[in-house]
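Hi,

Here is the model I promised to pass on.

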2 protein chains.
Amino acid sequence: METATSIGAYLIQRLYEEGVHHVFGVPGDFVLKFDKLLEESPIELINTCDEQGAGFAADAYARLRGLGAVCVTYSVGGLKIANTTAQAFAEKSPVVVISGSPGTQERHKNPLLHHKVRDFDTQYKVFQELTIASTILDDPSTAFSEIDCVLTAALRYKRPVYIEIPRDMVNTPGNPHYFRKQQVDESNAETLAEAIREAVTLINAAKQPIILADVEIHRFGLQDALLQLTEQTNIPVAETVLGKSVISEHHPNYIGLYAGALGNELTCRYVESSDCLIMLGVFLTDINLGSFTAHLDPKHSISVTSERTSIQLHTYEDIRLQDFMDGLIGAAIKPQQDLKLPNYRKPATSFIPVTHHPITIARLFERLNLFLDHNLIVIADVGDALFAGLDLFVHGRSRFLSPAYYASLGFAVPASLGAQTASPGTRPLVLVGDGAFQMTGMELSTIARYGLNPIVVVLNNGGYGTERPMLDGRFNDVLPWRYSQMPKLLGVGRGFDVWTEDELETALRESHSHSASFCILDVHLEANDTSVALKRLTEGLGQRVNA
Amino acid sequence: METATSIGAYLIQRLYEEGVHHVFGVPGDFVLKFDKLLEESPIELINTCDEQGAGFAADAYARLRGLGAVCVTYSVGGLKIANTTAQAFAEKSPVVVISGSPGTQERHKNPLLHHKVRDFDTQYKVFQELTIASTILDDPSTAFSEIDCVLTAALRYKRPVYIEIPRDMVNTPGNPHYFRKQQVDESNAETLAEAIREAVTLINAAKQPIILADVEIHRFGLQDALLQLTEQTNIPVAETVLGKSVISEHHPNYIGLYAGALGNELTCRYVESSDCLIMLGVFLTDINLGSFTAHLDPKHSISVTSERTSIQLHTYEDIRLQDFMDGLIGAAIKPQQDLKLPNYRKPATSFIPVTHHPITIARLFERLNLFLDHNLIVIADVGDALFAGLDLFVHGRSRFLSPAYYASLGFAVPASLGAQTASPGTRPLVLVGDGAFQMTGMELSTIARYGLNPIVVVLNNGGYGTERPMLDGRFNDVLPWRYSQMPKLLGVGRGFDVWTEDELETALRESHSHSASFCILDVHLEANDTSVALKRLTEGLGQRVNA
């Protein structure tokens, strides 16, 4: 790519250099000129049906590639992705929100231009609440440095950022003398050394050290470092809900998912009885903590995230998670001997479908466990798709995506668009409730348009199954769509109705061999058939609703 | 209804008293308790597929009933309706946004609860930008007065408001000694008298006075006052795009739609040559002004809105639009004699379908004009649905809804849900482009669930037809859905494919007699077949894109 001279071209060049080769969005007149520039660039512009779908797709893309982007028009596009951007903020996904806007020359005397809300900066103010950095590129002399500054923040904090480009700035030249300074983000060497010394001492003295790994291992691309640390020290690894698949769940040191009462009971006991809990990139969210049923004692903990490091009851500043992990790897931690790991339930190695037997959540996920392989990436929506999904044993690393903290329904189908675009070698296995599917499932249209082939499993239990045990009412029902008919509407794809175990078997087999387009399985479940994990969680959450 | 004692019950009681008998929303754990209270109240809770649909439905309901409400959960629900609330703000639709939120007792020590973005007040801050008044009901001693204060603002300014109710406050008693003071909003009597005197003098001295009526006539329910003023003075009336159907378009004093180059040419000439232009509730938006091709001379104008009154080049404060119109009605304005109104094109009185002749936009709307009656309410989405729709002659008053300023695509289908709920005697005729339908058309599910029966006309031209003339690219294409197959997916409704004039005839006739459920007409148009109005407008807008 030639060195860009216009503001729009520079933004595209920098995105491409950072690995953003696809941008998701919906056009609109205030962003058309930038869309045209994108179309003519090496970046592919992927048009979704609605902006919400683009926002979720970009979030999934960012989780897998380290940076993603969504490109929309002013207000009527931008404000539609307030929620998806909020999710990216909460779950540390570095999404660049690019919004076109009225030209600087159109704003004189504050006219009532279409798409304007209160003032020309209303959208900007909204996104200041939802992003870690934001800018309006209305000054050619600073536009290049603004772009770099905002992208640096996205990469450093792994949070969304906002870039607004007035349409008369797209082709305007930036500062021709601008030179990008590489910003180096480093730990304070002395602080780091002291923290490492202290941590190593504690670990070497411990009888039962354990690593608990969470979301930041995914976000900062530290899966290799985690693996090396584990194998070198032989310390067992548990993962959180949000961190699921941070290590292969078939690895011998993997000891299960920890989430208080929500997770595996044996894992829970092992983690909570540890005398040295090494928490790497862990966020103590309510879902990670099994609705606060977890009991982690800070006095026996080492916790390092990009935001804060604490050992026992004191804290350190200026330590990067990467550097801390490298420090542990480089230190003389004595390998653990004769581990007695909890003997938790491994997945069954065979599944014999019972003909005409109605399918249940438990049996569905038993079967899905055997269906998984290295190419499948599981994308679980909120609800039992996620909670039952926690029992899946995922093969690869970062092969399980879910909005397991912010928990916005409707993530999974558009996220599969983003995920498969980010990792063309994978095939998404989408787990989605019927309520969530009705929010964003029509992005199957975009999936069809761009020739992708996820397998979408709709957990059809007639409504919001997670809420029924908390407080039920007609508001938890949804209209029973005939999900398997989706290909009739879109003119592409394959649909299956699954009522029984043998129908599931057939549908999975045919989906596996049908790779030309998406497949959708309408899995008909009893309304009150929920996973064991969900039952435990909703008991906790229900008490809060009814408090 | 008994006098409410709890905060949640009081909110419901006050909404009901103000005419809100239906609330649109999606449940979620932070709002479940309030949803349950709604379910047990005389207000009907209508569940949409996605929150966006609920937001648009509530907007349409508010436009027709004077107040509407949408009820969602915290962040994952609330932030999804940032855009629909922005539209309600821009177009003066009084929507009450009700959001559940974490209980006040759950917020100690700022835990990472699910759905939280940055801080517990992130959503509140966002909605402060998008509403005219907002509150969090976290104090039982002030909650009742806060509710009244915020609802009063919605009714007075006809803008959206935000009410957040922490879930542990829903059943908490409010102040038992609270007594609601009726707030009276009055004009300053002396200022009003002076303004009326001056206006009457100008009108009586004018040779060609004309009334231009806009959106606030709809919003403040002043259609009767407008009719009385017109008939008493015999002054002709033109309407704006956003004000369309403010008076019956078959009324003898109605002289057409004024919107600069976008509107009727004869109307434009008549309005712009007037020596006394009486603008009632008019907002000078770019679309109302035909992309600023309008030429209105303030020196010959009287303009009154709820926000500002100006006569010629000076302004008055503290005058209510209602009072000003009543003042004119009560004054001795001499009736106009021997009007020479422009002889603009009236709708054809017959339509003879040409068998096998491909349907065009022009012929479609010619036919639709004959299809209209007093029961049909036209709901036009953004794009040629709106621009071609401007040529429809609407029978009743406030029988044409469209987001003609903020212009958010995807309004029409969910708006028809809100409109038919608000006015059960009507049947919506929805005009929607294929691009807009792909955003929110699945709310046909909600329409089916609640037994409504709009007739949905999809203008299927393969993409964003409004943008192609501005700047074309693959980004303006959409996947060709088979819209007529929608009933197969939903299990209800009737679908029609319309390629020719005779197929249109059949589809309209059958839709008319099929009132049991929705009907959807997939009207296949050439990609470059646009209305005359759109051609004129996009020439103007295209120059701005390419400036």
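**Between domains 2 and 3**

Let me start with a salt bridge: the side chains of A:Asp224 and A:Arg397 pair up at 2.8 Å, N to O (the term covers a side-chain nitrogen of Lys or Arg within 4 Å of a carboxyl oxygen of Asp or Glu). The count between domain 2 of chain A and domain 3 of chain A is 1 salt bridge.

A word on conventions: this is a predicted model, with local features needing pLDDT of at least 70, side-chain atom pairs counting only at pLDDT 80 or more, and totals for chains, interfaces and linings using all residues. Residues are numbered from 1 along each chain as its sequence is written, chains are lettered from A and ligands numbered from 1 in the order in which they are written, and side-chain values use heavy atoms, leaving out hydrogens and water.

Chain A splits into domain 1 (7-166), domain 2 (189-330) and domain 3 (361-546), with bounds from an automatic or database domain assignment. In chain A, 23 residues of domain 2 are in contact with 22 residues of domain 3 (heavy atoms within 4.5 Å). Together these two domains of chain A bury about 2000 Å², 60% of it on carbon and sulfur atoms; that is the accessible area (1.4 Å probe) that two parts lose on being put together, summed over both. On the domain 2 side, A:Lys244, A:Leu262 and A:Ile287 supply 28% of the area buried against domain 3 of chain A, more than any other three residues.

**Between the two chains**

How is chain B laid on chain A? A turn of 180° with a shift of 0.0 Å along the axis does it, at an RMSD of 0.0 Å (least squares on the C-alpha atoms of residues with pLDDT of at least 70 in both). The two copies are therefore related as by a two-fold rotation axis. B:Val126 is the residue of chain B that comes closest to that axis, at 2.6 Å (C-alpha). Both copies use the same surface, as 100% of the contact residues of chain B recur in chain A.

The contact takes 87 residues from each of chain B and chain A, and the area buried between them is about 7500 Å², with 60% from carbon and sulfur atoms. B:Leu112, B:Phe475 and B:Leu489 supply 10% of what chain B buries against chain A, more than any other three residues. The chains share 2 salt bridges; A:Glu129 and B:Lys125 meet in a salt bridge through their side chains (3.9 Å, N to O).

Cheers
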